[in-house]
Amino acid sequence: MPQTRAPGSTEDPAMTAAFEARIAAGESIEPKDWMPERYRRQLVRMMSQHAHSEVVGMLPEANWITRAPSLRRKVGLLAKVQDEAGHGLYIYCGAETLGVDRAELVQQLLDGRAKYSSIFNYPTLSWADIGVIGWLVDGAAIVNQTVLAKASYGPYARAMIRICKEENFHKRQGYEIVSTLAAGTPAQKAMVQDAVNRWWWPSLMMFGPSDTESPNSAELLRWKVKRKSNDELRQRFVNLTVPQAIAVALTLPDPALRHDEATDAWISGPIDWDEFHEVVRGNGPCNRERLQARRAAHDEGTWVREAASAYAARQRAKQATAAA
Ligand code: BYC
């Protein structure tokens, strides 16, 4: 497989102008279309980080599969974790349409050179965390990904459509767990409130730095990869989520949270960006543990990759013999 492909070896101004015109007209850019190298690189960066996030994102929840409190909950959680693996695969496939090798992307993750979402570097301490992840983390992902389903790069946008359908199920199963616990015994209520207290701020950080600190946003918005800014999406998530918290009598851990009558928006207090940067730099509570788990899974899967490659080589040889 090629390492990288640079579609259009030249950045002819006429081709660039034609590309910009296609974007302005709302056309979808497809793998064989000419695109500026910078557009391709931005997509590889974003899609590979996204795929890594889905795969690493399986770990915090998988931690509770063996301890789910009932068969029904276990089946739901198993299905969700499997879905996340599938999401990673669709997005790695989408990234490959940009001429990048998946093995190289995975290696960047294993070497600690690649980013993945900050949210997955927090621990899952109780069963309530599983409900709260579905509600808040998948809820945030839906807000972000519904908009990415309109991204200008066709394979990315199409992957998001199916992913969002599955994320909706994830969010519902999470909110159902949360509402059950919130209506439960005092100990269950305390457990779910504690989980909300720990996951609320990291969920807001998922949307990325504020617009004034987001170096990639202007370019991605101009190319219609992003259709809304980080802060716009974060605000949409807050507006959607606060009424859901109120409905199940849970408190969000933000003493400054207030409703703005004029705009009908819920306004949050300040986010601790130092914490965000520390986690992204690799110093969150679980960064090392997550990478270690991915490396172990990769090593344990060596025989599967070898068997698949051997099978593919045998099939190619058979086809070559048949064609001769
Ligand atoms: N964590 O210029 P900015 C899921 C980085 S998984 C870590 O605003 P951009 C699920 C950013 O990469 C769904 N890093 O960047 C799975 C950039 O660094 P580089 C995960 C972050 O791209 C399992 C720098 O900060 N969703 O739902 O314009 C179980 C400056 O940021 C983060 C996606 O991946 C972060 N939170 O915007 C349950 C969505 N935020 O690359 C659930 C796809 C920012 O310049 N990605 N950084 O070194 C996006 O929508 C955008 O890439 C972002 C960032 C909004 C995340």
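Are R40 and E37 buried or exposed? Both of them are buried, and by buried I mean under 20% relative accessible area, with exposed being over 50% and partly exposed in between, using a 1.4 Å probe and protein chains only.

Okay, quick housekeeping. What you see is a predicted model, where local features need pLDDT of at least 70 and side-chain atom pairs count only at pLDDT 80 or more, while totals for chains, interfaces and linings use all residues. Residues are numbered from 1 along each chain as its sequence is written, and side-chain values use heavy atoms, with hydrogens and water left out.

So, back to that pair. R40 makes a salt bridge with E37, and the closest N and O atoms are 2.9 Å apart. A salt bridge here is a side-chain nitrogen of Lys or Arg within 4 Å of a carboxyl oxygen of Asp or Glu. R40 and E37 sit three residues apart in helix α2 (residues 37-56), so about one helical turn separates them. Helices, by the way, are DSSP runs of H or I with at least four residues, strands are runs of E with at least two, and the numbering goes from the N terminus.

E37 also has R41 as a partner: their side chains meet in a salt bridge at 3.1 Å, N to O. R41 and E37 are four residues apart in helix α2, so again we're looking at about one helical turn. The accessibilities are worth a look: R41 counts as exposed because its relative accessibility is 51%, whereas E37 is buried with a relative accessible area of 16%.

Next, a bridge between two helices. R198 forms a salt bridge with D129, with the closest N and O atoms 2.7 Å apart. R198 lies in helix α8 (residues 186-205) and D129 in helix α6 (residues 127-148), so the pair ties together parts that are 69 residues apart in sequence. R198 is partly exposed, at 23% relative accessible area, and D129 is buried, at 0%. The whole structure holds 21 salt bridges.

Y156 is in helix α7 (residues 154-182), and at 1% relative accessibility it counts as buried. Leaving out residues up to four places away in sequence, Y156 touches L43, M46, M47, H50, I91 and L148, where contact means heavy atoms within 4.5 Å. From Y156 to R41 you go 115 residues in sequence and 14 Å in space, C-alpha to C-alpha.

R73 belongs to helix α4 (residues 71-96) and is buried too, at 17% relative accessible area. Skipping its neighbours within four places in sequence, R73 is in contact with A68, W127, E176, I177 and T180.

Out on the surface, K150, R227, K228 and R236 gather in a patch of positive charge. Patch residues have over 30% relative accessible area and no salt bridge, and like charges are joined within 9 Å, nonpolar side chains within 5 Å. One of the four, R236, is found in helix α10 (residues 230-247) and is partly exposed at 48%.

Last stop: S309, in helix α13 (residues 302-323), is partly exposed with a relative accessible area of 47%. S309 and R41 are 268 residues apart in sequence and 28 Å apart in space, C-alpha to C-alpha.

That's my tour, thanks!

Technical notes. Areas by Shrake-Rupley, 256 points an atom, 1.4 Å probe, with all protein chains shown as cover. Lys, Arg positive; Asp, Glu negative; His and termini not counted. Charge placed at Lys NZ, Arg CZ, Asp CG, Glu CD.
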